[in-house]
Amino acid sequence: MPPVSYYTMIKSKDKGFVFGVRLQMVRYALEKGIKPAARTYTTSKNTVKKWVRRYNKRGIAGIEERSRAPHNIPHKTGKEIEEEVLRHRESKPGWGAKRLKRDFDLPCSHGAISRILKEHGKIKPRRRKRKARGDLREIKEKFRAFERICVDTKHLYDIPSYWPQMRFLRLPRYQYTFREVKLGAMFLGYSEELSLTHSILFVEVIGDWLKRHGVKTEGTVWQSDGGSEFIGSWQMKGKSAFIKEIENLGAEHFQVPKITYNADVETVHNTIEFEFYDIEAFDSKENFFDKVTTYCLYYNLLRKNGNRKDRSPLDILRETSEGINPAVLTLPALDLDQLLGYKLNKITQGGHDVPGMSHPNRYIVDLKEDLIYNNFDNAIVIEWT
């Protein structure tokens, strides 16, 4: 049987096959000569000589393929830029190369940033996701704003960087998350315990907030999993008060099957963990709510989402023509324990009034001039009646 030609061998991606053919060629050349080996393996005499020379010098190790990477790269990113990349990555440990390039306007390509992070061991291997059955982005684009909503809870006491602060400062143990599917906006609520009562209050407050800002809640779909904080006791035969509160808004409740995940809201839980909880430090409960409210505003008004064509929720809302007041995206983080206290003590009167986090009558959030819209002058003012 004639040997494999050298051309066929070098086109192969199997390193073991390539090594074996070269070794056979070298041994044939040592036995029969350089010219016969070149004719038999249909290659040049210089190629045969090269591999014979390497074999004589290093033995079998000389047959192995050498790296073709250049020893010197003249256009390689400079030390100063490299240090700048690492400094920004240190402050935002969960950000990828494209996001660092986009948000910090770094003077090098995202490929160079990725190489720098990889060389310094800053890229952690991520669990490979299952292949998606279909891209849902086009479907989400067709929804109207706030037509599809995901609600879920997040346990905060299992976050290593947050747990000591939670114990020392008596910070919230649970996060209630509202995630809007089309815009990608989120609203957050916090409490010391996980309960159906807190979930009802969370929906009640947000539902009233949406209506005040021109959102039509009729015909919308709110989905949640089968947690007891949403469906009540497993022994219940009828609808829980949480579901009834959603239906009071003219909306429909959908319970996510056990075999699937509440994917949109789970994405928020992953993002907020490495963008907020892993890097922020707090000195009081009030400081916690100030910072998490700032993060919510950043998330809804400024943060660009790569899965939504590098647009923020505010950008997407501005592109719609549904008559929704953009201030709908400025709801502060809700202290559900405090709100429940107001409700039980009958402090609020006449409707679903929402007290502010630090001031009972109003909550003021300063913004940049380029974010001012409608009748806002130098701040977004949320009135509390």
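This is a predicted model: local features need pLDDT of at least 70, side-chain atom pairs count only at pLDDT 80 or more; totals for chains, interfaces and linings use all residues.
Strands S1 (residues 148–155) and S2 are joined by seven bridges and run antiparallel.

How many of the residues of strand S2 (residues 174–180) are buried? Seven of its seven residues are, which leaves the strand mostly covered. If you follow the side chains in the viewer, you will find Tyr174, Tyr176, Phe178 and Glu180 pointing one way from S2. Gln175, Thr177 and Arg179 point the other way, and the residues of both sets are all buried.

Zooming out, S2 belongs to an open sheet of six strands in the order S5-S4-S1-S2-S3-S6, with mixed pairing. Strand S5 (252–255) and strand S6 (334–335) stand at the edges and have a single partner strand each, so one side of each is left without a neighbour in the sheet.

| Helix | Strands it lies across | Running angle |
|---|---|---|
| H12 (residues 241–248) | S1, S4 (221–224) and S5 | about 140 degrees to S5 |
| H14 (residues 285–302) | S2, S3 and S6 | about 165 degrees to S3 |

**Helix H2 and its neighbours**

Helix H2 (residues 15–32) has 18 residues and reaches 26 Å from its first C-alpha to its last, close to the 26 Å expected at 1.5 Å a residue. Its buried residues are Val18, Val21, Arg22, Leu23, Met25, Val26 and Ala29. What do the buried residues of H2 pack against? Their partners are helix H1 (6–11), helix H3 (34–40) and helix H4 (45–58). Just after H2 comes Gly33, which takes a positive phi of about 120 degrees.

**Where H5 meets H7**

Helix H5 (residues 79–91) packs with helix H7 (residues 110–119) at an angle of about 75 degrees, and their axes are 10 Å apart. That angle makes H5 roughly perpendicular to H7. On the H5 side, the contact involves Glu82, Val85, Leu86 and Arg89. These meet Ile113, Ile116 and Leu117 in H7. Sorted by class, the contact of H5 with H7 has five nonpolar, no polar and two charged residues.

One more residue of helix H5 is worth a look, His88. Is His88 buried or exposed? His88 has a relative accessible area of 15%, and therefore counts as buried, since the cut-off for that class is under 20%. Leaving aside residues up to four places away in sequence, His88 touches Leu100, Phe104 and Leu106.

Notes: Residues are numbered from 1 along each chain as its sequence is written. Side-chain values use heavy atoms; hydrogens and water are left out. Axes are lines fitted to C-alpha atoms, for helices over the stretch in contact, and angles run from 0 to 180 degrees between N-to-C directions. Helices (H or I, at least four residues) and strands (E, at least two) are DSSP runs, numbered from the N terminus. Angles under 35 degrees count as roughly parallel, over 145 as roughly antiparallel, 65 to 115 as roughly perpendicular and the rest as oblique. Contact means heavy atoms within 4.5 Å. Ala, Val, Leu, Ile, Met, Phe, Trp, Tyr, Cys and Pro count as nonpolar, Asp, Glu, Lys and Arg as charged, and the others, Gly among them, as polar. Buried means under 20% relative accessible area, exposed over 50%, partly exposed in between (1.4 Å probe, protein chains only). Two strands pair if DSSP finds at least two bridges between them. The expected span of a helix is 1.5 Å times one less than its number of residues.
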